[in-house]
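Subject: A structure for you to explore

Hello! Here is the structure I promised to pass on to you. Please open it next to this email and follow along.

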Amino acid sequence: MKDIQVVKMKFTSGRGGTKQFVLATLIVVGLWSMGAYTSAAGTALKDRRIPLVPPPPAPPKIAYLTIDDGPEATYTPQVLEVLRRYKVRATFFVVGYRVQTHPEILLNTYYDGHQIGNHTFSHRYAELYGGPSPDGYLGSLKQNEDLINSIIGIRPKITRPPGGAAGNFNATLYQVMPTTGYRTTLWTVNSGDTEPGATTQTMIGNVQAQVAALPPGTPPIILMHDTHADTVVALPVIIDFLKSQGYRFDVITKNQPPNLANALF
Ligand SMILES: [Zn+2]
């Protein structure tokens with residue numbers, strides 16, 4: 001609009017004004033009709049694109065960080081700090097004998113929005129899995145559940161058996177657990193942070209290799225422990241790696257992610 005006014009002023013002032021004004025008007029009308037023609041052609045092209053259906057959006061890639069064996073006085077607060085910095089939520093499988101010592105760390109973990117899972121009270125394999133009865137495991141689970149409830153007012157609905165279920169659960173425990181209201185949560189990626197000689201580098205390498213090898217559609221459920229200095233150092237690198245692969249983060253619940261063969265039941 002401004003440009004047209006300038007053109008008009010230039011051509012209508014001074015000598016020979018009328019002739020130049022007519023010329024200017026012709027130019028302006030000519031440009032306007034060219035514009036109208038091209039925009040009509042553009043509409044015709046756009047019309048042809050309407051029937052095309054955009055591809056459906058890819059399902060979101062979700063990773064689950066799971067952190068076992070706390071609350072621990074030094075490392076759990078450091079892990080919480082990293083997660084706060086990255087605005088990432090994780091699932092903590094806490095053990096009762098440590099909850100008893102550090103109820104305030106359990107509270108902080110819960111207040112930060114993380115999921116609390118039950119990792120038994122004692123974490124002692126002989127007590128939990130010795131003998132044919134499921135009572136050792138179920139009793140320790142209940143003892144920890146009552147303790148957690150007395151501190152945060154929530155009874156966990158997810159559990160992870162210390163050492164995993166394979167080689168520890170007998171047939172009865174496999175049969176009984178789904179009837180207790182608990183969901184048993186194993187893992188699909190093991191950082192290996194409790195293995196002898198584990199370092200920050202071995203943890204990062206394990207996670208990268210195992211995430212790359214996951215069958216399509218299987219979410220990374222990553223096993224880590226808030227009882228090691230190296231885990232705290234590796235955690236930001238692992239989060240950055242997963243983000244670079246297009247993952248966002250969520251916590252495990254009774255229904256999410258959906259059941260996976262041998263990992264969630
Ligand atoms: Zn454990």
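This is a predicted model: local features need pLDDT of at least 70, side-chain atom pairs count only at pLDDT 80 or more; totals for chains, interfaces and linings use all residues.

Which residue in strand 3 is the bridge partner of Phe-92? The bridge partner of Phe-92 in strand 3 is Ile-116. Residues are numbered from 1 along each chain as its sequence is written.

**The overall picture**

The protein chain has 10 helices and eight strands. Helices (H or I, at least four residues) and strands (E, at least two) are DSSP runs, numbered from the N terminus. Of the 265 residues in the protein chain, 30% are buried. A residue is buried if 20 or more other C-beta atoms lie within 10 Å of its own, exposed if 12 or fewer, and partly exposed in between, with C-beta atoms placed from the backbone. Among the contacts in the protein chain with a separation of 6 or more, 75% are between residues 24 or more positions apart. Two residues are in contact if their C-beta atoms, placed from the backbone, lie within 7 Å.

**Strands 1, 2 and 3**

Let's go back to the strands from the opening question. Strand 2 (residues 91–94) and strand 3 run parallel and are joined by four bridges. Strand 2 also runs parallel to strand 1 (residues 61–68), with three bridges between them. Two strands pair if DSSP finds at least two bridges between them.

**Helix 3 and its neighbours**

Two packed helices are described by the angle between their axes and the distance between the axes. How do the axes of helix 3 and helix 10 cross, and within what distance do they come? The axes of helix 3 and helix 10 (residues 229–244) come within 9 Å and cross at roughly 10 degrees. Helix 3 is therefore roughly parallel to helix 10. Axes are lines fitted to C-alpha atoms, for helices over the stretch in contact, and angles run from 0 to 180 degrees between N-to-C directions. Angles under 35 degrees count as roughly parallel, over 145 as roughly antiparallel, 65 to 115 as roughly perpendicular and the rest as oblique.

The crossing of helix 3 with helix 10 is right-handed. In this contact, helix 3 supplies Tyr-75, Gln-78, Val-79, Val-82 and Tyr-86, while helix 10 supplies Ala-229, Val-232, Leu-235, Pro-236 and Ile-239. Nine of these residues are nonpolar, one is polar and none is charged. Here Ala, Val, Leu, Ile, Met, Phe, Trp, Tyr, Cys and Pro count as nonpolar, Asp, Glu, Lys and Arg as charged, and the others, Gly among them, as polar.

Helix 3 (residues 75–86) also meets helix 5 (residues 103–111): their axes come within 10 Å and cross at roughly 10 degrees. This makes helix 3 roughly parallel to helix 5. The crossing of helix 3 and helix 5 is left-handed. A crossing is left-handed if the near helix is turned anticlockwise from the far one by less than a right angle, and right-handed if clockwise. Thr-76, Pro-77 and Leu-80 of helix 3 make the contact with Ile-105, Asn-108 and Thr-109 of helix 5. By type, the residues of this contact are three nonpolar, three polar and no charged.

**Some backbone details**

Most residues other than glycine have a negative phi, and most peptide bonds are trans. With that in mind, look at the bond from Gly-70 to Pro-71, which is cis with omega near 5 degrees. Pro-71 sits in the loop between strand 1 and helix 3. Another cis peptide bond joins Gln-256 and Pro-257, with omega about -10 degrees. Pro-257 belongs to the segment after strand 8 (247–249).

Thr-120 has a positive phi, near 75 degrees, and lies in the loop between strand 3 and helix 6 (125–129). Is Thr-120 buried or exposed? Thr-120 is buried, because 28 other C-beta atoms lie within 10 Å. His-123, in the loop between strand 3 and helix 6, has a positive phi near 60 degrees. His-123 counts as partly exposed, with 19 C-beta neighbours inside 10 Å.

Enjoy exploring!
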